[in-house]
Amino acid sequence: VQLQASGGGLVQAGESLRLSCKSSGWSFNLFVMGWFRQAPGKEREFVGTISLSSGSTYVSDSVKGRFTISRDDAKNMMYLQMNSLKAEDTAVYYCGADTPRTVFSATVVESAGYDTWGQGTLVTVSS
């Protein structure tokens, strides 16, 4: 499995941004995929996850109501729609995949629960 994240950039607080993660090399509906982020000097933090087989999603409390995860099966793409961005959302965002898996595991909110990672895309939110 290979993952490629894109869509990061510099935005003002309150604006929106959509990140994309393209996957290849595995049957797309056999993934659980997730978004994590890592700010300078901090540990990698769980943002959200989606089961590609069921479409079920789960996001962290810190982004709930602002961020949404979706997928496009035809394009093998996962998206992270980020609205009402805050300065504290500034980080490098990574997409990860846990394959093969169709339901969330107990480690879905931990980076160790994913076996493949994309290269990361930087999101900078200015206040």
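Arg-71 counts as partly exposed, because its relative accessibility is 31%. That value belongs to a predicted model, as does everything that follows. The side chain of Arg-71 meets that of Asp-73 in a salt bridge, with N and O 3.0 Å apart. Asp-73 comes out as partly exposed too, at 41% relative accessibility. Elsewhere, salt bridges with shared partners tie Arg-37, Glu-45, Arg-66 and Asp-89 into one network.

Arg-37 and Asp-89 pair up directly, and their closest N and O atoms sit 2.9 Å apart. Which parts of the chain does this pair link? Arg-37 lies in strand S4 (residues 32-38), while Asp-89 is in the loop between strand S8 (77-82) and S9, so the bridge ties together distant parts of the chain, 52 residues apart. Both Arg-37 and Asp-89 are buried.

Now try Asp-61, which has a salt bridge of its own with Lys-64, at 3.1 Å from N to O. Is Asp-61 buried or exposed? Asp-61 has 62% relative accessibility, which is why it counts as exposed; the cut-off for that class is over 50%.

Next, have a look at strand S11, residues 121-126. In a regular strand, side chains alternate between the two faces of the sheet. Here Thr-121, Val-123 and Val-125 make up the covered face of S11, and Leu-122, Thr-124 and Ser-126 the uncovered one.

S11 has strand partners to follow as well. Strand S2 (residues 9-12) runs parallel to S11, and four bridges join them. Within that pairing, Val-11 stands opposite Val-125 of S11, and Val-125 belongs to the covered face. Strand S9 (residues 91-98) is antiparallel to S11 and joined to it by three bridges. Which residue of S11 is the bridge partner of Tyr-93? Tyr-93 pairs with Thr-121, another residue of the covered face.

Finally, go back to S2 and pick out Leu-10, which sits in that strand. Leu-10 counts as exposed because its relative accessibility is 65%. Apart from neighbours within four places in sequence, what does Leu-10 touch? Leu-10 is in contact with Thr-124 and Ser-126, both of which are on the uncovered face of S11. Leu-10 and Ser-126 are 116 residues apart along the chain, yet their C-alpha atoms are separated by 7.4 Å.

Conventions: Residues numbered from 1 in each chain as written. Predicted model: local features only at pLDDT ≥ 70, side-chain atom pairs only at ≥ 80, totals over all residues. Heavy atoms only, no water. Buried < 20%, exposed > 50% of the residue type's maximum accessible area, 1.4 Å probe, protein only. Helix = DSSP H or I, 4+ residues; strand = E, 2+ residues; numbered from the N terminus. Pairing = 2+ DSSP bridges. Salt bridge = Lys/Arg side-chain N within 4 Å of Asp/Glu carboxyl O. Contact = heavy atoms within 4.5 Å.
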